[in-house]
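Dear colleague,

Please find the structure below, handed over for your records.

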Amino acid sequence: MTAGRVTEALSGRGAGGCDASILLDDTRNFRGEQTAAANNRSARGFNVIDDIKANVEKECPRVVSCADILALAARDSVVYLGGPSWEVGLGRRDSTTASRSDANNSIPAPFLSLNALIKNFANQGLSVTDLVALSGAHTIGLAQCRNFRAHIYNDSNIDASYAKFLQSRCPRIGNDNLLEPLDHQTPIHFDNLYFKNLVKKKVLLHSDQELFNGSSTDNLVKKYATDTAAFFNDFAKGMVKMSSIKPLTGCEGQIRVYCGKVN
């Protein structure tokens, strides 16, 4: 799961924007974003949003969108795990469609280079600082063996002992869906260890280590590794920007009654 994927799941941003399109389930005649390459067996927890939505609908029928619920749940989850808070703008509406192909093209893949990551974020109006700060979401979460296999077997910019440990868990062939925490030390605490691990070359994904690989983002990584407050501040700013990408408002879209399907 890439940094983009984690933060997109947190903010409710799908391929089309912050419109909860990722929540739409596949049907016999429709294939949405949940089975896109970066999401398949990786983005999960949709049942939690469904439960929240069901309770909200009992109190305020057809008033609060799934997109807003996702945005609020993102902020509250980060705070609960020890991270920063931020102001969540409300009033989003839900999409009536989703695109698997758009998701495959817009969600950053775990094998991307730094230049490709910068371009991907820039296409969404996000800066290099946003890229690095939002990548810090990988202080929590899990990644599948199939997404970090190439990094632990083919890349040289990884700590040898860490690579050996991961190779014992993720063989060259098989165990594709094996899950490993993105941060082995504090996997359910939102902190700045992700950046400390980048400096030590102990991260799971190729795309993560690209942020600290003798390039333009090295200084930001080192800054966040030693200054948690700076990381939290920039992460919060980045989440506000990300949660404002192409929202549906006014008469656009709809307020879904069930997040997994259109009305």
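Predicted model: local features only at pLDDT ≥ 70, side-chain atom pairs only at ≥ 80, totals over all residues.

Residues are numbered from 1 along each chain as its sequence is written, and side-chain values use heavy atoms, with hydrogens and water left out.

Taking a disulfide as a pair of cysteine sulfur atoms within 2.5 Å, the count comes to two.

One joins Cys66 and Cys259, with 2.1 Å between the sulfur atoms. Its torsion about the S-S bond is -100°, a left-handed link. Cys66 belongs to helix 3 (residues 66–80) and Cys259 to the segment after helix 12 (228–242), so the bond ties together parts 193 residues apart in sequence. Helices here are DSSP runs of H or I with at least four residues, and strands are runs of E with at least two, numbered from the N terminus.

The other joins Cys145 and Cys170, whose sulfur atoms are 1.8 Å apart. At 70° about the S-S bond, this link is right-handed. Cys145 sits in helix 7 (residues 145–154), and Cys170 in the loop between helix 8 (160–169) and strand 2 (179–181), 25 residues away.

In sequence order, the bonded cysteines of the protein chain pair as 1-4, 2-3.

As to burial (buried under 20% relative accessible area, exposed over 50%, partly exposed in between; 1.4 Å probe, protein chains only), Cys66 and Cys259 are both buried. Cys145 is buried at 0%, as Cys170 is at 0%. Cys18 is likewise buried at 0%, whereas Cys60 is partly exposed at 33%.
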